[in-house]
Amino acid sequence: MRKTVAPLLIMSLLAVAAHAGFKEGEAAYEKQDYARAMKEWLPLAKKGNAAAQYRIGVMYEAGQGVEHSDEKAIEWYRKAAAKGSAEAESSLGADYADGSGVTKDLIEAVKWFQKAADKGYAPAQVNLGLMYQQGTGVERDYAKSVAWYQKAADQGLLAAYSNLGVMYQNGYGVERDAAKAAQLYTKAAEGGLPSAQSNLAFLYLTGGGVAIDFDKAEAWAQKSAAVGSGDAMYVLGVLRSMGLGQAKDPAYAYYFVALGARFGDDRAVASLDGSGKLLTAEQRAEIDKLVAAWQPGVPFATAEAIAKVAPATAKPAEPVTKPAETEAKPAGASAA
């Protein structure tokens, strides 16, 4: 079982407040007119409006209409949190977890996530569940992790569905149930969560909780890989290396395995040398250039493009190892 990666602790949902000028700022923000949004919100924030204070913090942290400053973001989050803003509390938790604008302090991160989670704020509940799952800032407690994920899932948060899937797939704090995991991943994947799409693709590849279906494995992996999931890229490499629902193509398999390695999948890193064994050093170098140039959102190189720099060999491909089981990756709290 491989270890989970550090959670992606993302910023919280934007609050809604009924106050003169606030809605105008919200409309401007949605149009990406950040200067106008700041003009509307800053006077409210200075008067103590917690929702406006939180929004100003978000803008400083994202560098929207102002120079990026994690420190100023923290100042505004603290002002809003002092007035009980769950969104600001959750954002402070994320910043302490990441060390953004403050000294990294996982215990402090847990404290702020707990405050927001106790108010029913779903993103904080997911992030608190992650802390309990991984034992960061608190003693590892799978039962508490499951409980917090379930609270967030009851509110429809996609990351909560996916993370519950991780718990059911691995039997953490619940009885192991691959079919239940697949159902939960499907909910989150259909909602567009990349980590769930990647985990679901792997289940269709290996037959965990679902019937093996290489076409579905390909489809879900493509969606997740398109936004930079190394896990999903590895699945695409396995399919092409072993000729599972795809033509067996060692060069194209190497391309996806190399992408997976670039984007941090440990299985891809371990498989990289074996995957490129049938290629010449020159062919690997040319494919590596394509790998280095790729960015999320950009179409992948086609099999034809890869064939131009690495013509098919007469030998069959050496299969990338298809693991029978792996530990799925949890997601950070989604802002959707």
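## A pair of packed helices

In this predicted model, helix α1, which covers residues 22–30, packs against helix α2, which covers residues 34–46, at an angle of about 155 degrees and with the two axes 8 Å apart. Because an angle over 145 degrees counts as roughly antiparallel, α1 and α2 are therefore described as roughly antiparallel to each other. Their crossing is left-handed.

On the α1 side, the contact is made by Phe22, Glu24, Gly25, Glu26, Ala28 and Tyr29, while α2 contributes Tyr34, Arg36, Ala37, Glu40, Trp41 and Leu44. Sorted by class, the residues in this contact of α1 with α2 are seven nonpolar, one polar and four charged.

## The chain as a whole

The chain holds 17 helices and zero strands, and of its 336 residues, 53% are buried.

When contacts between residues at least 6 apart in sequence are considered, 58% of them join residues that are at least 24 apart.

## A glycine in the following loop

Gly48 lies in the loop between α2 and α3, the latter being residues 50–62. Leaving aside residues up to four places away in sequence, Gly48 touches Gln53 and Lys83. Gly48 and Lys79 are separated by 31 residues in sequence, and the distance between them in space, from C-alpha to C-alpha, is 8.0 Å.

Key. Residues numbered from 1 in each chain as written. Predicted model: local features only at pLDDT ≥ 70, side-chain atom pairs only at ≥ 80, totals over all residues. Heavy atoms only, no water. Axes fitted to C-alpha atoms, helices over the stretch in contact; angles between N-to-C directions. Helix = DSSP H or I, 4+ residues; strand = E, 2+ residues; numbered from the N terminus. Parallel < 35°, antiparallel > 145°, perpendicular 65-115°, else oblique. Left-handed = near helix turned anticlockwise from the far one by under 90°. Contact = heavy atoms within 4.5 Å. Nonpolar A, V, L, I, M, F, W, Y, C, P; charged D, E, K, R; others polar. Buried < 20%, exposed > 50% of the residue type's maximum accessible area, 1.4 Å probe, protein only.
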